[in-house]
Amino acid sequence: MATAQFTASSISSRSLRSFEGLRPSTVGISSVAPIRPVGLASRSFRGLVVKAATVVAPKYTSIKPLGDRVLVKIKIAEEKTSGGILLPTTAQTKPQGGEIVAVGEGRTIGKNKVDIGVKTGAQVVYSKYAGTELEFNGLNHLILKEDDIVGILETDDVKDLKPLNDRVLIKVAQAEEKTAGGLLLTEANKEKPSIGTVVAVGPGPLDEEGNRKSLSITTGNTVLYSKYAGNDFKGSDGFDYIALRASEVMAVLS
């Protein structure tokens, strides 16, 4: 019985940054008849590059987003751990932040003209997998809608994030260390918390006339939120934070 093997180890992921599960793999295919590849036995497929971003030709020197879109220069992914250990591409965290380099003219809602709520030069955090990736001037960029921006980073610490629109920033409660019966829980058995304290709120969503509607959630509220919603972050204080839409908060606890 003959066996043919195909490997994906020669595929480069230069532009595919930190997608979990993108790893070289080997697949075995068995057949009852001998396999005699013609002309492929000694050939390799090295140099096959998978590119996720749209490459903008060098002849174009500027990009002007339209409407409520913005252009973000993506922050470079961390290549080492805090201890200096070099990370493979598959283990690097996909960046969720960058710098605003161009903004659109805004949009009209009802009779009101609504400008973009962020300025060029601002450091922002955006939703995972939002927008369209571009390679422009040799750097990775992202063009996305303003509503995909989670908030503005006024410092290097995520706990100082200023949420935009209808989003809130929550400091996640720590997981229970023991069961009700006193048994010590391992990391694998700890339930992912879906309770936390609101530390910052956005200005609220826009209504049909383009006016802001303030949120009913306020800073200091202890809330219950959807378990798999939002964007997770680790603060410099060692605590976990999550930024999500106010509609993903299910209840206020007291």
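The side chain of Asp166 makes a polar contact with the side chain of Arg245 at 2.8 Å. A polar contact is a pair of N or O atoms within 3.5 Å; within protein, one must be able to donate a hydrogen and the other to accept it, and residues adjacent in sequence count only if both atoms are side-chain atoms. The model is predicted: local features need pLDDT of at least 70, side-chain atom pairs count only at pLDDT 80 or more, and totals for chains, interfaces and linings use all residues. Residues are numbered from 1 along each chain as its sequence is written, and side-chain values use heavy atoms, with hydrogens and water left out.

Asp166 lies in the loop between β12 and β13 (167–172). Helices (H or I, at least four residues) and strands (E, at least two) are DSSP runs, numbered from the N terminus. Asp166 counts as buried, at 14% relative accessibility. Buried means under 20% relative accessible area, exposed over 50%, and partly exposed in between (1.4 Å probe, protein chains only). Beyond its neighbours within four places in sequence, Asp166 is in contact with Gly204, Pro205, Leu215, Leu244, Arg245 and Ala246. Contact here means heavy atoms within 4.5 Å. Asp166 and Ser214 are 48 residues apart in sequence, yet their C-alpha atoms are 8.5 Å apart in space.

Asn231 is placed in strand β16 (residues 231–234). Its side chain makes a polar contact with the side chain of Gln96 at 2.8 Å. The side chain of Asn231 also reaches the backbone oxygen of Tyr126, at 3.4 Å. With neighbours within four places in sequence left aside, the contacts of Asn231 include Ser127, Lys128, Val150, Tyr241, Ile242 and Ala243.

Next comes the sheet. In an open sheet, 8 strands follow the order β3-β9-β10-β4-β5-β8-β11-β12, with mixed pairing. β3 (54–55) and β12 (161–163) stand at the edges, each with a single partner strand, so one side of each is left without a neighbour in the sheet. Two strands pair if DSSP finds at least two bridges between them. Strand β8 (residues 123–126) pairs with strand β11 (residues 149–153) in the antiparallel sense, over 3 bridges. Val124 stands opposite Ile152 in β11.

Side chains of opposite charge can pair when their charged atoms come close. The structure holds 9 salt bridges. A salt bridge is a side-chain nitrogen of Lys or Arg within 4 Å of a carboxyl oxygen of Asp or Glu. One of them joins Asp68 and Arg107, whose closest N and O atoms are 3.9 Å apart. Asp68 lies in the loop between β3 and β4 (69–74) and Arg107 in strand β6 (residues 107–109), so the pair ties together parts that are 39 residues apart in sequence. Asp68 counts as buried at 11% relative accessibility. Arg107 counts as partly exposed at 35%.

Asp68 also forms a salt bridge with Lys145, the closest N and O atoms being 3.5 Å apart. This pair links distant parts of the chain: Lys145 is in strand β10 (residues 139–145), 77 residues from Asp68. Lys145 is partly exposed, with a relative accessible area of 36%.

Another salt bridge joins the side chains of Lys113 and Asp115 (3.5 Å, N to O). Lys113 is partly exposed at 48% relative accessible area, and Asp115 is exposed at 54%. Salt bridges that share partners join Asp68, Arg107 and Lys145 into one network.
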